[in-house]
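Below are some notes for a colleague who is opening this model without having seen it before. Please read them beside the sequence and the structure.

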Amino acid sequence: MDGFRLVKLLAKTAKIAVGLARNAARENDSDTVSNGTLTFTRINNGTAYSVKCFLKTTDPSVTSVTVPAEYKGVPIKAVGASSFFGSDYLKTVVIADGVEEIQVDAFGFCPSLEEVRLPQSIRRVYESAFRECPLLPAETVMTCLCHSPDITRPFREPFFGFNKFDWNTALREDVFVLALKYHSFSELGSKRTAEEILRRDPIKYLRLMERADFFSDEERLNGYIDDSVQNNTPEITAWLLEYKNRTFGFNGGGNFEL
């Protein structure tokens with residue numbers, strides 16, 4: 001190879017290298033980039049990414065998703081709003097440690113979603129995050145509830161449609177107790193089940209209500225006792241009166257007769 005051709009080849013190689021470097025720099029500086037599976041959008045003044053699904057959520061190939069801790073050296077801090085909304089075939093989600101937020105409607109209306117591995121780094125789970133995901137296990141629900149910025153919101157939105165309650169497991173009872181405590185258990189799709197358990201095992205239901213601090217207010221407790229007397233439910237009345245005696249003593253109030 002003569003000197004001219006060598007110089008020309010070196011110049012071409014250098015030009016290609018400069019172009020690749022510019023493209024890499026452009027990608028690093030871009031607000032939104034993709035790896036063909038996930039789309040990464042800059043947040044926190046460009047210091048981190050949120051992610052969403054790059055493919056159409058109706059694509060049958062979207063059955064599992066792994067959200068990494070970083071992309072090209074930039075940390076991933078959030079699963080973005082509506083990022084996997086309506087993914088009909090999505091069954092499994094694995095979120096790497098380092099991700100801190102699951103935003104509004106992130107996994108809403110994913111009817112096949114049955115496994116979500118959440119990292120300890122999760123700090124916030126926003127409303128509607130798992131709306132209409134009926135196959136979610138109770139463990140996932142409890143983890144999300146513990147990291148909601150407003151404990152009442154998950155019951156009104158994120159888990160609407162979560163109605164696969166199994167009353168033989170203590171963990172699902174824990175979910176129900178939280179729902180009772182914040183007066184929104186019907187939004188969990190559990191109102192029908194609550195009515196059933198009240199009919200089938202009223203004492204168990206009362207104990208769950210006790211755990212949820214339903215009877216901590218004496219005036220409200222008196223109201224429950226009055227209702228049970230009027231409804232002619234002596235078993236419930238007896239339990240409530242025993243609870244009142246144990247907690248407050250009989251200091252008057254209410255019109256109680258067994």
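In which sense do strand β3 and strand β6 pair, and over how many bridges?

1. Strand β3 (residues 48-53) and strand β6 (residues 74-79) pair in the parallel sense, over 3 bridges. Val51 stands opposite Val79 of β6. Helices (H or I, at least four residues) and strands (E, at least two) are DSSP runs numbered from the N terminus, and two strands count as paired if DSSP finds at least two bridges between them.

2. This is a predicted model: local features need pLDDT of at least 70, side-chain atom pairs count only at pLDDT 80 or more, and totals for chains, interfaces and linings use all residues. Residues are numbered from 1 along each chain as its sequence is written, and side-chain values use heavy atoms, with hydrogens and water left out.

3. β6 also pairs with strand β5 (residues 70-71), in the antiparallel sense over 2 bridges. Tyr71 has Val74 in β6 as its bridge partner. The two strands form a hairpin with 2 residues between them, and Lys72 in the turn has a positive phi of about 50°.

4. Strand β8 (residues 101-102) pairs with β6 in the parallel sense over 2 bridges. Here Val79 has Ile102 in β8 as its bridge partner.

5. The protein chain averages a pLDDT (the predictor's confidence in each residue, from 0 to 100) of 75, and 63% of the residues score at least 70. Among the elements of the protein chain, β6 has the highest mean pLDDT (96) and helix α3 (residues 153-156) the lowest (43). Over residues 20-27 the pLDDT is below 50, and this stretch has 4 contacts in the model beyond near neighbours in sequence; contact means heavy atoms within 4.5 Å. Where pLDDT is low, the predicted coordinates should not be read in detail.
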